[in-house]
Amino acid sequence: MSPAAGKALRRSIEQVRYVRPVRFGASDGLTRTVYRQVEREFGMLAPPVVLHSPAPEVMAASWVLLRETLVASWHAPRAAKEAVASTVSAANACPYCVAVHGATLNGLLRDPTAQAIAESRLADITDPELLAVATWAKTREPPGDTTLPRERAPELIGVAATFEYFNRMVNVFLDESPLPSHVPVRLRATMMRLLSVLMRGSAGQRRAPGASLDLLPAAPPPPELEWAAEAPHIAGAFGRAAAVIDAAGQRSVPESVRRLVTDRLAAWDGAPLGLSRAWLTDEVRSLPTADRPAGRAALLTALASHQTGQEDIDELRGTGADDRRLVELTAWAGFAAASSRLGPLRASYR
């Protein structure tokens, strides 16, 4: 990436809403280190990572997850991992992530398969391997008698879980398109093609597993991460991220809210909750009045991130929440929801 292109892409952080991200020129310490790695290995200073920057440790956790599952080279081809990212993002109604990872997949494949995957048109996917992966990511079951390769399970489950998390954070903090709003409509198709070329160059390079782990202290992976045992870099990524995000939750999420979200996720089957927000009013009624704004923000992030609006953020701000607390609260809720979706992911991979 040229210096001029890098500088232009750094402006993409202007797309982040509700919090003020740290600008590249003002970054230092852990934030600067993460920014450098993201630019070098992902191809751009990705807003889904940058939106976490008011909470540097949580931002590092988000990057470690993304880097070690999607970016690092192991057994699964990058195209298969991008197919999982696109399919999960489509299921979670995250158009931003569908656009970015659909563009990356299009750059790698250079055929209509990428669009079919991005639009969940499984019948139009002609590559049998990508059809199997996309079907699994959408339905949690391989098609027919197909068996997905066991050695790829840690990566593909890891990518799916990572995007269950990122989709929620992106829906809260970013608009639907990865292109800035000031880009004229007539130029958007051209800009997306350029994004595809840019992402293809980065995605086509091999990246050594484990290179981001030193960003965070080592932490044992939780018991539910047994599926990652054969890929130490992925087990290490989830163990470290879980420890950091749990600590963030302890700091920024009231205990009553953590209990409510945990209990609600345990009873949730993953089905969309619909357009009405009546469920939210009912859910937070049991909370102390002072905890209800945090409860609303956390439940929305976990269960219906696309429904989060300015009024929800304003109510949380009214309790004294700063940018760091807002990022930590939503990150905790998003990761809790992603973790709750690991059961079906593990069980379906045979």
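Ala, Val, Leu, Ile, Met, Phe, Trp, Tyr, Cys and Pro count as nonpolar here, Asp, Glu, Lys and Arg as charged, and the others, Gly among them, as polar. The model is predicted, so local features need pLDDT of at least 70 and side-chain atom pairs pLDDT 80 or more, while totals for chains, interfaces and linings use all residues. Numbering starts from 1 along each chain as its sequence is written, and side-chain values use heavy atoms, with hydrogens and water left out.

**View 1. The second largest pocket holds about 440 Å³ of space.** A pocket here is an open set of points on a 1 Å grid over the protein atoms alone, where a 1.4 Å probe fits, with protein on both sides within 12 Å along at least five of seven lines; lining residues have an atom within 4 Å of a point. Points are joined across faces, edges and corners, and the volume is the space filled by probe spheres set on them. Ala 91, Asn 92, Trp 268, Gly 270 and Pro 272 lie nearest the centre, out of 26 lining residues. Helices H5 (78–91), H8 (128–139), H9 (153–173) and H14 (292–303) each give two or more residues to this lining. H9 gives the most, with 4 residues. By type, the lining splits into 12 nonpolar, 9 polar and 5 charged. Helices are DSSP runs (H or I, at least four residues), numbered from the N terminus.

**View 2. Helix H10 (residues 185–203) has one buried face.** Its 19 residues reach 27 Å from first C-alpha to last, close to the 27 Å expected at 1.5 Å a residue (1.5 Å times one less than the number of residues). Leu 195, Ser 196, Met 199, Ser 202 and Ala 203 are the buried ones; buried means under 20% relative accessible area, exposed over 50%, partly exposed in between (1.4 Å probe, protein chains only). Down the axis of H10 they fall within an arc of 135°, so they line one face of the helix; the arc is that of the directions from the helix axis to the C-beta atoms. Arg 186, Arg 193 and Leu 194 are exposed on the other side of H10.

View 3. Most residues other than glycine have a negative phi. At a relative accessible area of 43%, Ala 93 is partly exposed.

**View 4. Ser 120 also has a positive phi, near 60°.** Its place is in the loop between helix H7 (113–118) and H8.
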